[in-house]
Amino acid sequence: MTTATTPVIETGGLGKRYGRTTALADCTLRVPAGRIVGLVGPNGAGKSTLLGLTCGIVAPTAGSIEVLGNRPGAGAAQLARVGFVAQDAPVYGGLSVADHLRLGARLNPRWDRPLAERRVKRLGLDPAQKAGRLSGGQRAQLALTIAAAKRAELLILDEPVASLDPLARRAFLHDLLDFVAELGVSVVLSSHLLGDLEKVCDHLIVLASARVQLAGDVADLLAVHHRVTGALPPSAERIHEDVVRSDAAVPGAQPVDLEDLGMAYMTRAAVASIGGAA
Amino acid sequence: MIWLTWRQFRTQALVATAALAAVAIYLVYLGSRIRDDYTGVLGCQPSVCVTARHAFDDAYTGQLSAVGVLLIAAPVLIGIFWGAPLITRELEERTDRLVWNQSVTRTRWLATKLVFLTLASVAVTGLFSLLLTWSASRYDQFIGNRFGALNFASRNVVPLGYAAFAFVLGVVIGLIVRRTLLAMALTLAAFAVVQLIVPNVVREHLMTPVTSIVAFDEDAMSRSDAFGMNDRGATIVGYTMAGAWSLTDEAKVLNADGTPYTSRQAVACQKGVPAENMACVAGLNLHFIYTYQPAGRYWPFQWIELSAYLAATLLLAAFGFWWIRYRSS
């Protein structure tokens, strides 16, 4: 059973290998309900693998994962609770916008038809238009509409804004925030650019070199990270250059913003992997 | 799910219906012409009967063989164009990520697609077979080669089994290799291999053949292609019992005691008067050993082969369900 305290995602030592390639290793996470989670990492860091594991289209090769208290993709009931929009928002090119809404209605018991129709109308999509003729932004919106009207408890969006121009990005994220508030769902969205997500997410996971580098609520993370140029107290840890992690206050420390924080962890992982290879 | 299956299948269904309609028009026309001509052959004057029969055979053998080949090709086309891309197209356009994340399990998705589209494949091929069987029925009665490889595979119920098998074969190959063109090529190759092995190697063993001793007489000679003799023995080539499937191509002609019948014996029977010659040969009680599948086994063979293909289809489908559940993630 799911209660308000059941974590949305809980993993323990989760890993996925494709032959000899490790896509994700030793991933232990606990994401509380009601968050908008930003999953950030460079290309090839394992973001899509982690999201695939979360919705059940990828099977783990190590460790455990529970989503809303159940095994991902375990059955129709679990599928109904998780909405997923894959990278590049795939839709059926030969089917019209209306056909896609019909598909959603036929395949989802909790389909919210008024929501779907309202969104299509507001986005200005022509129901008779073939989905193959839509622009990248319109396609992303259509895919998001299907996932949203499914009335899932968790929405997973893989690189939802990667193919959009900056203006469409802002519109998409703004719109996302609106209906997340309206529907009360938890959301996980990934990007290789933290700048896309920092304004919307309240929980951050940094993934690099197939491993989790940093995870936590944004407010907590910002509280324990600082910019320090001078000497450090012994309990503090220097992440990269002037970004420092310290639970205790550091004299002369400046606050750090989320983008720099994520970048510091990603850079440290990149440097370590180059060092490891040398 | 049925709605989506139909929506994605609509265009293909339309193409198949159009093709089937064209074939139907042609076969109804051909069938009625064959019926008219057949009446003519039956009512022929004795003097021209041989010519009339030859003309009838010549007129329709080519056309019916061509349509027969088309009917055998129909399951192949279904496997290649309906079966193989069913899953690969979703994978290549990444729409599997869309459709397999709705509130429908992959197992149910596959089950609906397989049931609905296998029925469509069987219906199209079944109608085609029904039309061809009707159209060619007089010809088949007349030529009587119902066990011939092309004839057997393009009449009555076996084409239904081929259609179901080819479709599911295409789907399962696509599920495993995940690429449309490769899946199409492999489906073609695999189905062709099966369709070569079954008639040439497997079919004759479906029921234990009958071996019997056939008297070597005028009737036997008239049902064979050739007869050869030297001083070591005699051979009858291409004997076929009426409506049966011969498994003996050539047989040694034997005396009553089982020794070979030789040209020396034949010379000994040359009495000069034809009637006496024949009486002399008849007195030797010549015979040969002949192995065959009797004419009455035609329908058992049709049903056995249909059942075998349907069983193979079910096995393939079960494998497909296992794969989509445990191996495709």
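**From labels to values**

Trainee: What makes Leu222(A) count as partly exposed?

Mentor: There are 16 other C-beta atoms within 10 Å of Leu222(A). A residue is buried with 20 or more other C-beta atoms within 10 Å of its own, exposed with 12 or fewer, and partly exposed in between, the C-beta atoms being placed from the backbone. The count for Leu222(A) falls in the middle class, so the residue is called partly exposed. Please note that this is a predicted model, in which local features need pLDDT of at least 70 and side-chain atom pairs count only at pLDDT 80 or more, while totals for chains, interfaces and linings use all residues. Residues are numbered from 1 along each chain as its sequence is written, and chains are lettered from A and ligands numbered from 1 in the order in which they are written.

Trainee: Where does Leu222(A) lie, and which residues beyond its neighbours within four places in sequence are in contact with Leu222(A)?

Mentor: Leu222(A) belongs to helix 8 (residues 218–224) of chain A; helices are DSSP runs of H or I with at least four residues, strands are runs of E with at least two, and both are numbered from the N terminus. Its contacts of that kind are Pro255(A), Val256(A) and Leu258(A), where contact requires C-beta atoms, placed from the backbone, to lie within 7 Å. Between Leu222(A) and Pro255(A), 33 residues apart in sequence, the C-alpha distance is 7.6 Å.

Trainee: Why is Ala181(A) counted as exposed?

Mentor: Ala181(A) has 10 C-beta neighbours inside 10 Å and therefore counts as exposed. This residue is part of helix 6 (residues 166–183) of chain A. Its C-alpha atom is 9.8 Å from that of Gly34(A), although 147 residues separate the two along the chain.

Trainee: Why is helix 1 of chain A described as largely enclosed?

Mentor: Nine of the nine residues in helix 1 (residues 47–55) of chain A are buried, so the rest of the structure largely encloses this helix. Among them are Lys47(A), Leu50(A), Gly52(A) and Cys55(A). Just after the helix, Gly56(A) has a positive phi of about 95°.

Trainee: How do you know that chain A is as compact as a globular protein of its length?

Mentor: Chain A comprises nine helices and 13 strands. Its radius of gyration is 20 Å, close to the 19 Å given by the globule rule for 278 residues, so chain A is as compact as a globular protein of that length. The radius is taken over C-alpha atoms, and the rule is 2.2 Å times the number of residues to the power 0.38. The C-alpha trace spans about 65 × 40 × 40 Å along its principal axes, and 44% of the 278 residues are buried.

Trainee: Which domains does chain A have, and how far apart are their centres?

Mentor: The assignment, which is automatic or from a database, gives domain 1 (9–211) and domain 2 (218–277). Their centres, over C-alpha atoms, are separated by 30 Å. In the contact between them, 13 residues of domain 1 of chain A meet 11 residues of domain 2 of chain A. Strand 8 of chain A contributes the most to the domain 1 side, with four residues.

**Where the two chains meet**

Trainee: How many residues does each chain give to the contact?

Mentor: Chain A gives 25 residues and chain B gives 16. Helix 1 of chain B supplies the largest share of the chain B side, three residues.

Trainee: What makes helix 3 of chain A roughly antiparallel to helix 1 of chain B?

Mentor: Two packed helices are described by the angle and the distance between their axes. The axes of helix 3 (residues 97–107) of chain A and helix 1 of chain B come within 9 Å and cross at roughly 150°. Axes are lines fitted to C-alpha atoms, for helices over the stretch in contact, and angles run from 0 to 180 degrees between N-to-C directions. Angles under 35 degrees count as roughly parallel, over 145 as roughly antiparallel, 65 to 115 as roughly perpendicular and the rest as oblique. The pair is therefore called roughly antiparallel.

Trainee: Which residues meet there?

Mentor: Asp99(A), Leu103(A), Arg106(A) and Leu107(A) meet Trp3(B), Leu4(B) and Arg7(B). By class, four are nonpolar, none polar and three charged. Ala, Val, Leu, Ile, Met, Phe, Trp, Tyr, Cys and Pro count as nonpolar, Asp, Glu, Lys and Arg as charged, and the others, Gly among them, as polar.

Note on methods: Two residues are in contact if their C-beta atoms, placed from the backbone, lie within 7 Å.
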